[in-house]
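Have the structure open and follow along.

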Number of protein chains: 2
Amino acid sequence: MPTHNSISRDADQRVRRSKETVLRTTFELLTETGLDGISIDEIARRSGVAKTTIYRHWQTRSDLVIDACSHITAEQEAPDTGSFEGDLTVLLTNLAELLRTARWSSVLPSIVDAVERDPSLAEIHSRIQRGHAAPLRTIIDRAVRMGEAPQNTDRSAMVAALVGPLFYRRWFSREPLDEVFVKAIVRNITGEREPSAALSAVAPIAAPQDQ
Amino acid sequence: MPTHNSISRDADQRVRRSKETVLRTTFELLTETGLDGISIDEIARRSGVAKTTIYRHWQTRSDLVIDACSHITAEQEAPDTGSFEGDLTVLLTNLAELLRTARWSSVLPSIVDAVERDPSLAEIHSRIQRGHAAPLRTIIDRAVRMGEAPQNTDRSAMVAALVGPLFYRRWFSREPLDEVFVKAIVRNITGEREPSAALSAVAPIAAPQDQ
């Protein structure tokens, strides 16, 4: 005979399962239609979870979308390879892979667009951005501590100089996010510029192998 | 008494005016609602130009949107200050200003999002991107010719390293697009890294001044 505790455990699991279903459905719908296609009606219809249940867990559509997007931020960890250049290469290679393949990479433009017109969605946005920037900031902080980057490093500009080019290729120029590109962007930040390699000095981004 | 020619000239002007009205209305609607809010019906209603007239000039909604967006590409010219760093600084300062103020900067995310889901809109997209990149490529080509950038400069990666960080701040991190940031991004590409000027040299974004 089920005890009171086991009944309550079953109920908890049912709640958890239905929440997961709703979150998964929301995220799927986001990838298919963008934020404009998201309504609680449609999510209820698709997920089979009652609207009243959905509203019990999330007060507004924004709350639900924020929650559905929150795992976007959990996909990256700060690597620790022993060098600044190594760490950046691993992290940006990973980010490039995610930008090429992860479903959130087709969701993000929809959120960027929606935030442009509806500031109430800013929380979704800054959550995603903090998620992208956090492991990079960890790496930069470590490099500053270890003397691999200067004390007065402008961390925020450095994040933009590393992530920006990858985002640009993914959503704007739509050019390949390949290894050559990632290495050029990393070397642009970390590259030693010795007098003997003057040309590459000017052109962090250029390959110095022909000099 | 009007001649046949002056009648035809009047007709030409009427056509030109109504085309301009439709294009202006389309662009206004884009800034307000994004691409999802654009329909020929709505444009006809707002502009007062008949749908049949609109369809005479533009076969599809995409054709019209492409045309309405086409002036986005005409806003920048390649400066010629006499140095690579000077040219880049002028161009990126100008781009930062446009990103902060121009109405197309709130339209672009909507187009990026739409292209993600509808490849038939790719022409709008690549037209806008070519427009952004063209003056930058002119400057880079000149720098290569003048020996200010190496012969083997990866032009496309360099464009991404210059434009990407600005786009990142405008639409993703939403941090200030100010002079300090623009200079950091430019110096990151052109900066000579002399031992004597270690801090400022590297510091835009990174720096080996401790080496």
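Arg174(B) sits in the loop between α8 and α9 (179-190) of chain B; helices here are DSSP runs of H or I, at least four residues, numbered from the N terminus. This is a predicted model, where local features need pLDDT of at least 70, side-chain atom pairs count only at pLDDT 80 or more, and totals for chains, interfaces and linings use all residues. Residues are numbered from 1 along each chain as its sequence is written, chains are lettered from A and ligands numbered from 1 in the order in which they are written, and side-chain values use heavy atoms, with hydrogens and water left out.

Chain A has its own Arg174, in the loop between α8 (155-173) and α9 (179-190) of that chain.

| Residue | Phi | Relative accessibility |
|---|---|---|
| Arg174(A) | about 55° | 38%, partly exposed |
| Arg174(B) | near 55° | 37%, partly exposed |

Now back up into the helix before Arg174(B). In α8(B), 18 of the 19 residues are buried, so the rest of the structure largely encloses this helix. Its end C-alpha atoms are 25 Å apart, which agrees with the 27 Å that residues 155-173 should span at 1.5 Å a residue (the expected span is 1.5 Å times one less than the number of residues).

α8(B) also has a kink of about 30° at Val163(B), shortly before the proline Pro165(B). That bend is the angle between axes fitted to the seven residues ending there and the seven starting there.

Notes. Helices (H or I, at least four residues) and strands (E, at least two) are DSSP runs, numbered from the N terminus. Buried means under 20% relative accessible area, exposed over 50%, partly exposed in between (1.4 Å probe, protein chains only).
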